[in-house]
Amino acid sequence: MRILIAEDNLPMRQALEYFVLDWGHEPVIAQTGEQAWELYKKENFSIVISDWMMPGMDGMELVRRIRAAQTSYVFIIILTAKRQTDDLVEILDAGADAFISKPFERNELRAKLQGGLRIIELEQSLEERNRDLEAANEQMREDLVAAAEIQKEFLPTKMPEYPGLRFGWAFRPCEQLAGDMLNVFSIDEKHVALYLLDVSGHGITSALMSVTLSRMLSPQSLQHSLLKEPSDNERGYRIVPPAEVAARLNERIMQGPSTKQFFTLIYGILNTETKELRYVSAGHPGPIHMSATFAPLKLKGGPPAIGIFESATYREHSITLKPGDRLFFYSDGLVEAENKSGLVFDENEFRCSIEETRALPLQENIDATMGMLEEWIEGSKETDDASMLGVEVVGERQ
C-alpha cells in the first residue's frame, strides 16, 4: 500500500521511509504539510503518517483538510514530542486516529500501522458491500417501475360504449405498486362486467396477487373463464352470476398455496338494456347510489372477504338504475384515509364530495372527488390505496 509520510526532520523522515519499505509498503515522502496536502489531493491516500510540528502547515491543519476532503476513510497517525493530556486530546479532536510520542519505538509504529491497515480493509469491504447494495437497490427500483407499468396494463384502457351509459374510474396507489385493481368491460352485446378488488397488505406481494386476480377476471378469456362458460342454451354460453364468481374465486384461493392473504371484491353485471345491476360484495364496502334527486345512499355489502373461509357463501344484490343515476364502487382506502391531524375522510365526507360535484360529467365527478381526497391527506403518511369505479345512466337527450 502507498503510505503518505509528512515529516520535516531528515533523520526521522529517513527512519519512517526505511520502516515502511521494510514492512512491504511504498512510502511517498513530503517534507512539509503543504507538500503532503498537494500529494493527497492528487492521490487520496488511505494511510497518512504526519509530524505535528512542521513549518507552514502543521500536522493538525493537514488532518483537518484531509477529513474535509476525504471520499473514503483515511487512517491518520500523528507523531509528536508533546506528552501533555490536553495536547493528545487536541490530536484526536482534530480528527487523527492515533498518535505516537517521539522518539518512537519501531514496534509501536508497526502496531499502529497494522491496526490502521485492518480498519482500512474493513472500510473498503464495507464500501464495496454498500456499492453492491446500492446496485441491487437500483435494480429493484427499476424492477418496481417495470412491475408498476405491467400492473397499469390491467386497468381499463377504453370504456365500453352503450347508448345511455357512461363509465369512469380513478386509481391511486399509495406506493409504486398497489393491492387495488379494477376494470370494466363487455361480456356480450347486452352485459357489462364491473369489478373493484382490494388485496390485504401492501407492496410487491399484494400487487402480484392483484395482477393474478385481474388475469382471472380478464375479458381476454371470457369463453373459458370464471365469468362466462360454455352452455347448451341458445346463446351457447352462460354468464356466471356474481355470487357464484365470488364463490369460485374463494375456492381457487383456498386450494392454492397458502399466502395468508385475502381480498375484498365488489363485482357486478350490468344489463345494458334494462339497466339492472346484479352485484356481489365480498367483504367490500357496498356501492354508493346517487340518484338525480336524492342524496347519495350506501347500498348493501357484507362479509366474508375471499380467502378466509373454505365454505364461504356469498349473497347477490340487485338495483335497477334510472336516468340520472350514478353508482360508485370504491376501496376502503378512500374512506379510511387520515389527514395529518388524524381525522378520517370517512363515508360521510365521501358522499358529500361526490354530491358537491354531481353537476360535472361522471369522470370529472370522480376526478374531483379524488382531488378532494388528495387535499385531505396532504402532509400525512397515507398507507393505503384508493380507487373508484363509476357508472351513470344518462337521459335520452344526452
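This is a predicted model: local features need pLDDT of at least 70, side-chain atom pairs count only at pLDDT 80 or more; totals for chains, interfaces and linings use all residues.
Local features here need pLDDT of at least 70, side-chain atom pairs count only at pLDDT 80 or more, and totals for chains, interfaces and linings use all residues. Residues are numbered from 1 along each chain as its sequence is written, and side-chain values use heavy atoms, with hydrogens and water left out.

Start with the open sheet. It has 5 strands in the order β2-β1-β3-β4-β5, with parallel pairing. Strands here are DSSP runs of E with at least two residues, helices are runs of H or I with at least four, and both are numbered from the N terminus. Two strands pair if DSSP finds at least two bridges between them. Which strands stand at the edges? They are β2 (26–30) and β5. Each has a single partner strand, so one side of each is left without a neighbour in the sheet. The twist averages 20° from one strand to the next. Angles like this run from 0 to 180 degrees between N-to-C directions, and axes are lines fitted to C-alpha atoms, for helices over the stretch in contact.

Now look inside the sheet. Strand β3 (residues 47–51) and strand β4 (residues 75–80) run parallel and are joined by 5 bridges. Asp51 has Leu79 in β4 as its bridge partner. Keep Asp51 in mind, as it returns below.

Next come the helices. Helix α3 lies across β1 (2–6), β3 and β4, and runs at about 175° to β4. Helix α3 also has a helix beside it. Two packed helices are described by the angle between their axes and the distance between the axes. For α3 (residues 59–69) and α4 (residues 85–94), the axes come within 9 Å and cross at roughly 25°. The two helices are therefore roughly parallel to each other (angles under 35 degrees count as roughly parallel, over 145 as roughly antiparallel, 65 to 115 as roughly perpendicular and the rest as oblique). Met60, Val63 and Arg64 of α3 make the contact with Glu90, Ile91 and Ala94 of α4. Contact means heavy atoms within 4.5 Å. By type, the residues of this contact divide into 4 nonpolar, no polar and 2 charged. Here Ala, Val, Leu, Ile, Met, Phe, Trp, Tyr, Cys and Pro count as nonpolar, Asp, Glu, Lys and Arg as charged, and the others, Gly among them, as polar.

Move on to the loop between β5 (98–101) and α5 (106–152), where Lys102 is found. Is Lys102 buried or exposed? Its relative accessible area is 17%, so Lys102 is buried (buried means under 20% relative accessible area, exposed over 50%, partly exposed in between, with a 1.4 Å probe and protein chains only). The side chain of Lys102 makes a polar contact with the side chain of Asp51, at 2.9 Å. A polar contact is a pair of N or O atoms within 3.5 Å; within protein, one must be able to donate a hydrogen and the other to accept it, and residues adjacent in sequence count only if both atoms are side-chain atoms. Leaving aside neighbours within four places in sequence, the contacts of Lys102 include Glu7, Met12, Leu79 and Arg83.

Strands β7 and β8 form a hairpin with 2 residues between them. β7 (residues 180–188) and β8 (residues 191–199) pair in the antiparallel sense over 8 bridges. Ser186 stands opposite Val192 in β8. In β7, 8 of the 9 residues are buried, so this strand is largely enclosed by the rest of the structure.

Asp198 has its place in β8. With 9% relative accessibility, Asp198 counts as buried. Not counting residues up to four places away in sequence, Asp198 touches several residues, among them Gly179, Phe262, His284 and Asp332. Ser200 is found in the loop between β8 and α6 (203–216). Ser200 also touches Phe262, and its other contacts include Ser206 and Gln261.

Last, the backbone. Most residues other than glycine have a negative phi, and most peptide bonds are trans. A cis peptide bond joins Lys102 and Pro103, with omega about -10°. Another cis bond joins Pro303 and Pro304, with omega about 0°. Asn44, in the loop between α2 (33–43) and β3, has a positive phi near 55°. Lys275 lies in the loop between β11 (263–271) and β12 (276–282), and its phi is near 65°. Asn44 counts as partly exposed at 35% relative accessibility, whereas Lys275 counts as buried at 14%.
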